[in-house]
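Please work through the following exercises with the structure at hand. Each task is followed by a solution in steps.

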Amino acid sequence: MPTLRQLEYLVTIADTGSFALAARAAHVSQPTMSQQVRALEARLNVQLFERSATGAVLTPVGRSIVATARRMLADARDIVTLAAGAAQGLSGTVRLGTTPTLGPYLLSPIIADLHRLAPSLRLHVREGIPEEQLRELSRGELDVLLGPLPMAGDELTVEPLFREPLQLVAALDHDLAAIAEPAPHDLSGHALLTLDPRHHLARQAAAIADRHGMTIAPDYYGTSLGSLHQMVASGLGLTLLPGLYLRSDAGGAAGLKPLPVRGWAEHRSIAIAWRRQSPMHAAFMLIAEHVQGCARRLLADAAG
């Protein structure tokens, strides 16, 4: 049978596309890694890579084996986590992925609250592109993912948490800021600033812009909510910001005018997801409950 070490080497080579880079990432010599992969190929009686001077490319059967190897490695990590959890309760390090359009303003108070309830539980928070992090979750590189819907995967448990309003904002001296209640047609022709198109929020903004006759400003993609905030406050255009961001200490509405557009009801849905077979279900449900509770309190305060 293949060893877990051989499978780890196989996946690392697949990810880096190079025996040399994979050996460096795994902290072993290149001859050691090459020997282990040759031994794996001999045991399986298949060629896993097409080797060349420029790198290593998976063969068709190699791609299928790597996909299974990722699942096996994730299961092996889950076994270790399950054993630790059985011995220590809610403990250990959880790798939590989230989007920069959510984590910076929502997670800080939740993490502090969780630490009081489960002091042995550690959260390693990693921000990234939602679709990329969904793949990392499926491969076992993340344990849990907090972000906007949609999330999909047959092997995932997905728990919807709350709906967050999306607010259209402008600079304080923007011409729309002088209108007490702008009508939807007043938005036509105005530039809407967004994030990198790989973000759910950017795609949602594009759909909203299309419905209201706005244009997406192609030369001013923001790298974060903070950068969108600053660009709009400087007069570059309009943008959409999450309602909880505007009420948070990390965000706020300094230099911005939320536009009370007639009939405006745009929102996004936030969920949490983890691998269905994960032994950390109790910890993930605890995280889900606290994210949901914190968000609902903030939303209730905003409504009040």
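**Exercise 1.** How many aromatic pairs does the count come to?

*Solution.* The model is predicted: local features need pLDDT of at least 70, side-chain atom pairs count only at pLDDT 80 or more, and totals for chains, interfaces and linings use all residues. Residues are numbered from 1 along each chain as its sequence is written, and side-chain values use heavy atoms, without hydrogens and water.

Step 1. Rings of Phe, Tyr and Trp (its six-membered ring) pair if their centres lie within 6.5 Å; planes under 30 degrees apart are stacked, over 60 edge-to-face and the rest tilted.

Step 2. By this rule there are three aromatic pairs. One of them joins Phe19 and Phe49, edge-to-face, at 5.7 Å centre to centre with 70° between the planes. Phe19 lies in helix α2 and Phe49 in strand β1 (residues 49-52), 30 residues apart; helices (H or I, at least four residues) and strands (E, at least two) are DSSP runs, numbered from the N terminus.

**Exercise 2.** Determine whether Phe19 and Phe49 are buried or exposed.

*Solution.* Buried means under 20% relative accessible area, exposed over 50%, and partly exposed in between (1.4 Å probe, protein chains only). Phe19, at 10%, is therefore buried. Phe49, at 0%, is buried.

**Exercise 3.** Which residues of α2 meet α3?

*Solution.* With contact defined as heavy atoms within 4.5 Å, Phe19, Ala20, Ala22, Ala23 and Ala26 in α2 meet Gln30, Met33, Ser34 and Val37 in α3.
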